[in-house]
Amino acid sequence: MAFEPPQRLVRALGESAPDGDDWVERLPEIAEQAVALRELTVERVQVPGGRSSLVVLVRRADGTPAVLKLAPARARPESERAALAHWDGRGAVQLLEPFAAEGTLLLERLHPDVSVRSLPEAKALLEAAGALRRLWVEPPGDHVFETVAERTGRQASVMRGASAEVAGLVSAALEARESLLAAPPEERLLHGTFRQSKVLSGVRSPWLAVGPDPVVGECAFDLARLVRDRVEDLIASPSGAATTRRRIKRLAESLEVDQERLRGWTLFRAVESGVRALRVGRPKDAELLLEFAGWL
């Protein structure tokens, strides 16, 4: 079978490494070797798939359905492997192969086309929040996961070089980060990139999280990305700003997170994403994200 990378993956990797590398070019060979080594039968490549990895639906030698996930080093697949091993299937997809070649993950098969995003908005938020709560556990004592301070520090350095037209929002976001990091309330293992589309329907559990980019820090940071889910619908609604404030309040109360800390991290993450969208040439996405950030 020809392992043609989906265009969504090619575009996203081009944005994250504009100078390029040869991982995408080598991907068909990498995939063929991974399949042959495990004696897998390929069903299909998941399309449109993710933005940082090739996802292949396969069957193991005994006929068990599984997922083969291949990712370049810059997507931190070994960090994902460590987090999935620590969760051991509690709230997240099960890792089927604890040790494997770098960048290769063999995972439990969920229903790849059914995420909580398919539910009505209020129900989707409720189910997603419930799935996220299960992931917030103590990190391993000897962990090497990136911390929220480290990750946002890298992001903040890039944000300071943003254009003058967004300087006000960038300044507010950076101030919020400094204030939040002055007194972090907890350290938990976080999903890192959680949103509705990262929660898929499963067999052993109704909903399970996939695709973490794990980080250690406070729960409000993890919840912040969920606040802006379906941002295009929020922006299109005349009551979008009020809906956003209610969403922050409802999510904070339901997951016992400080409301102001959630608002602060939501602001930082929205501005960071908006600035990044501008930088890589996605002006429409940037406009949505920065308008949303302005409500906060």
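**Strands, a loop residue and a helix pair**

Me: In β2, which residue is the bridge partner of R44?
Reply: L57 is the partner of R44. Strands are DSSP runs of E, at least two residues long, and helices are runs of H or I, at least four, numbered from the N terminus. This is a predicted model, where local features need pLDDT of at least 70, side-chain atom pairs count only at pLDDT 80 or more, and totals for chains, interfaces and linings use all residues. Residues are numbered from 1 along each chain as its sequence is written, and side-chain values use heavy atoms, without hydrogens and water.

Me: How do you know that β1 and β2 pair?
Reply: Two strands pair if DSSP finds at least two bridges between them. Here, 4 bridges join β1 to β2, so they pair. The two strands run antiparallel.

Me: Is V47 buried or exposed, and why?
Reply: Buried means under 20% relative accessible area, exposed over 50%, and partly exposed in between (1.4 Å probe, protein chains only). V47 has 55%, so it is exposed. V47 is in the loop between β1 and β2.

Me: Why is α9 called oblique to α10?
Reply: The two helices pack at an angle of about 125°. Under 35 degrees is roughly parallel, over 145 roughly antiparallel, 65 to 115 roughly perpendicular, and the rest oblique. Therefore α9 is oblique to α10. Angles run from 0 to 180 degrees between N-to-C directions, with axes fitted to C-alpha atoms, for helices over the stretch in contact.
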